[in-house]
Amino acid sequence: MLKTLNTGIKLIFAPLMLGLIIIILERLVVRPKKDEWCFIVGPHLGDIFISLGILRVYKKKMQIKRICILVDKKYYFIVKSLNVDDKIIRMPHIPEVLYPMMNAYRVRRPGIISTPPDFNFPFINREEVGKELKRSLVLVEKYKVLRLFKDLNLHIGKTVILFPFYSGGKYLSLNESFWNDLINKISDLGYDVVVNSNDMEFGNKNCLVYNIPLDLMQKFVEYAGVAISIRSGICDFIIPAKALKIVLYYDKDQMLYWGFKNYDISDFKEINLSKS
């Protein structure tokens, strides 16, 4: 009974909250020009990265010089680096549950639209977006990455980065024994192993647990040489990195739906763990 009541309250107040957010964004934050298109991107890293590629292709096709992009402040630096000609606005954190509602909501002028990577834009195909994503390298000073490798005592070209977590290191995918076995085998081959995570209690002496800064992530992967990840948004983000990139899928359905062949991107080694 209480659960049903809470659900009813959320259904009543969520649209009201959404309306308030839209009003604030349109009138107080964005202040758009009459003919300026505005897009809300997010809330996940992979969605944002692919959405930016879609928007850049769309701009070229439609010969639009400049758009306005609103993004969660956590990912502002990514958008600012990749869409240098556009107006980029830091957006306060918005509950994830409201994003689908934003996607369905469109302001009369100029048009504030949420853009998950669903390719619902005219004249755009996945291959064009794939080519754009391969060029989408976040600008970073080379010395910062080199200094980090030195500080962490890692070897350039002989380091393997593991991405076993979803949601920025909050949820372990697969199981810990799988990753521990993999770490030990890689270490036996003479490679340094870095587990990208906030969790300092991973519990394997053959690896370094370190939360790689997002602004250095793409170049960090390049200098490491190898990245192994479950299929998550981080895989999208490292598309431009020139390295051996291995993506692990739970089953064939996940591989078919989220596989990189959908973007005509072939430099990922994709593995189906279920053998089905």
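The legends below describe an overview and two close-up views of a predicted model.

**Figure 1. Overall composition of the protein.** The secondary structure comprises 10 helices and 12 strands (DSSP runs, H or I of at least four residues for helices and E of at least two for strands, numbered from the N terminus). Of the 276 residues, 48% are buried (under 20% relative accessible area, 1.4 Å probe, protein chains only). The protein exposes about 15300 Å², of which carbon and sulfur atoms supply 56% (Shrake-Rupley method, 1.4 Å probe).

**Figure 2. Packing of helix α6 against helix α8.** Helix α6 (residues 142-151) and helix α8 (residues 214-224) pack at an angle of about 60°, with axes 10 Å apart; axes are lines fitted to C-alpha atoms over the stretch in contact, and angles run from 0 to 180 degrees between N-to-C directions. Lys 142, Lys 144, Val 145, Leu 146, Leu 148 and Phe 149 of α6 meet Leu 216, Lys 219, Phe 220, Tyr 223 and Ala 224 of α8 (heavy atoms within 4.5 Å). By class, this contact has 8 nonpolar, no polar and 3 charged residues (Ala, Val, Leu, Ile, Met, Phe, Trp, Tyr, Cys and Pro are nonpolar, Asp, Glu, Lys and Arg charged, the others, Gly among them, polar).

Figure 3. Pro 164 lies in the loop between β5 (159-163) and β6 (165-166). Pro 164 is buried, with a relative accessible area of 1%. Phe 178 is 14 residues from Pro 164 in sequence, with a C-alpha to C-alpha distance of 9.9 Å.

Residues are numbered from 1 along each chain as its sequence is written, and side-chain values use heavy atoms, without hydrogens and water. In this predicted model, local features need pLDDT of at least 70 and side-chain atom pairs count only at pLDDT 80 or more, whereas totals for chains, interfaces and linings use all residues.

How values were computed: Buried means under 20% relative accessible area, exposed over 50%, partly exposed in between (1.4 Å probe, protein chains only).
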